[in-house]
Amino acid sequence: VSESISHPGEEFVYCLEGEIDYTVGDRTFRLEQGDSLLFDATQQHSYHNRLDQPAVLLMIFQSSQDRHQVQRLHLD
């Protein structure tokens with residue numbers, strides 16, 4: 001995702017493979033295999049794959065909005 005997004009609820013991210021820079025608000029977290037992040041998703045957030053190889057993330061969204069809408073924000 002190149003643009004920052006926000007949405008109601010919370011978000012949990014777990015890095016299964018690769019390396020991701022995940023920006024939440026004004027902080028950037030480097031996630032490597034086995035690292036996780038839990039945050040208030042009303043904060044602006046985005047992520048960037050640091051490597052030339054695919055990264056695999058487990059992302060769990062808890063939101064009062066339609067879950068398909070939240071998924072589209074992240075994957076479109």
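The following conversation concerns a predicted model of a protein.

Visitor: Which secondary structure elements are there in the protein?
Guide: The protein has six strands and one helix. Read along the sequence, these elements follow the pattern β-β-β-β-β-β-α.

Visitor: And what share of the residues is buried?
Guide: Of the 76 residues in the protein, 29% are buried.

Visitor: Where do the side chains of strand S4 point?
Guide: The side chains alternate along strand S4, which spans residues 36-40. Leu 37 and Phe 39 point to one face and are buried.

Visitor: How many bridges join S1 to S4?
Guide: Five bridges join strand S1, residues 10-17, to S4, and the two run antiparallel. Among the paired residues, Glu 10 has Asp 40 in S4 as its bridge partner.

Visitor: Turning to the surface, which residues form the nonpolar patch?
Guide: The patch consists of Leu 16, Val 56, Leu 58 and Ile 60, which together have about 300 Å² of accessible area. Strand S6, residues 56-62, contributes the most to this patch, with three residues.

Visitor: Why does Val 56 count as partly exposed?
Guide: Val 56, which is found in strand S6, counts as partly exposed because its relative accessibility is 33%. That class lies between the buried limit of under 20% and the exposed limit of over 50%.

Conventions
Residues are numbered from 1 along each chain as its sequence is written. This is a predicted model: local features need pLDDT of at least 70, side-chain atom pairs count only at pLDDT 80 or more; totals for chains, interfaces and linings use all residues. Side-chain values use heavy atoms; hydrogens and water are left out. Patches are made of residues with over 30% relative accessible area and no salt bridge: like charges are joined within 9 Å, nonpolar side chains (Val, Leu, Ile, Met, Phe, Trp, Tyr) within 5 Å. Accessible areas come from the Shrake-Rupley method with a 1.4 Å probe; for residues, only the protein chains shown count as cover. A salt bridge is a side-chain nitrogen of Lys or Arg within 4 Å of a carboxyl oxygen of Asp or Glu. Helices (H or I, at least four residues) and strands (E, at least two) are DSSP runs, numbered from the N terminus. Buried means under 20% relative accessible area, exposed over 50%, partly exposed in between (1.4 Å probe, protein chains only). Two strands pair if DSSP finds at least two bridges between them.
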